[in-house]
Amino acid sequence: MVILGLEGSSYGGKTSALGRLRRVPAMQDALFFSCYVKSFARREDIPTPSTRSAAEQVKAFMTFMEIEGNRVDAARRHGGLVVLDRTVDTLLAHAHAMDEIYGFNVLPELTRRAEEMPHLRPDHTLYLDVTPELLHLRRKAAGHHEVEPDYFLHDPAFLTHFRDYFCRPVRRPATAELAIASGDGDRQETAAVVQALFTYWAGVR
């Protein structure tokens with residue numbers, strides 16, 4: 001089993017890129033997993049990204065790790081190529097950001113918990129690096145700014161620390177190999193970058 005992960009900030013182009021990747025002949029036998037939040041039937045059941053205490057951050061992590069456990073079971077049954085829209089590193093990057101902003105200091109504990117729990121450790125992960133200004137513009141173009149003007153996942157401090165987890169890591173991410181690519185191009189350019197790298201990784205397994 002080979003596991004590939006795609007990471008990046010919200011509105012970074014992951015969904016569009018993976019949508020294109022699903023149609024590539026070389027990836028027809030791959031098992032694709034959508035982002036964790038797609039596993040919730042009700043939006044109100046999704047843990048808030050703006051947790052206000054260490055206990056709340058741990059609870060959110062454990063909720064998402066239940067979904068990760070389901071991913072593990074499905075991947076084991078599949079046994080072949082697996083492609084993840086967000087990985088356990090997203091959960092740890094989020095915790096790192098909250099530690100830096102609020103001083104929760106939960107990342108060491110959550111890292112230990114992840115190591116002890118079933119999870120998919122990617123063999124290769126690509127992080128799409130997009131400037132905050134472009135992320136804001138994409139969200140505004142999608143018409144979402146008016147509905148939710150205070151979008152925590154685009155808070156400047158959160159974006160900085162979430163990015164640092166991947167681009168300036170203090171501790172080693174869960175993935176075995178991490179690559180970073182600019183996602184500042186248009187959707188087609190970003191999708192082409194993802195397709196080229198993922199099909200390469202799939203071909204050398």
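With that, H3 passes H4 in a right-handed crossing; helices here are DSSP runs of H or I, at least four residues, numbered from the N terminus.

Before I go on: this is a predicted model, where local features need pLDDT of at least 70 and side-chain atom pairs count only at pLDDT 80 or more, while totals for chains, interfaces and linings use all residues. Residues are numbered from 1 along each chain as its sequence is written, and side-chain values use heavy atoms, with hydrogens and water left out.

Back to the pair. H3 is residues 88–102, H4 is 107–116, and their axes (lines fitted to C-alpha atoms over the stretch in contact) come within 9 Å and cross at roughly 165°, on a scale of 0 to 180 degrees between N-to-C directions. So H3 and H4 are roughly antiparallel to each other, a label for angles over 145 degrees. Who touches whom? On the H3 side we have Val88, Leu92, Ala95, His96 and Asp99, meeting Leu107, Pro108, Leu110, Thr111 and Ala114 of H4; contact means heavy atoms within 4.5 Å.

Now, the second largest pocket. Its lining includes Leu92, Leu107, Thr111 and Ala114, plus Tyr165 and Arg171. A pocket is an open set of points on a 1 Å grid over the protein atoms alone, where a 1.4 Å probe fits, with protein on both sides within 12 Å along at least five of seven lines; lining residues have an atom within 4 Å of a point. H4 gives the most to that lining, four residues.

Methods. Helices (H or I, at least four residues) and strands (E, at least two) are DSSP runs, numbered from the N terminus. Angles under 35 degrees count as roughly parallel, over 145 as roughly antiparallel, 65 to 115 as roughly perpendicular and the rest as oblique. A crossing is left-handed if the near helix is turned anticlockwise from the far one by less than a right angle, and right-handed if clockwise.
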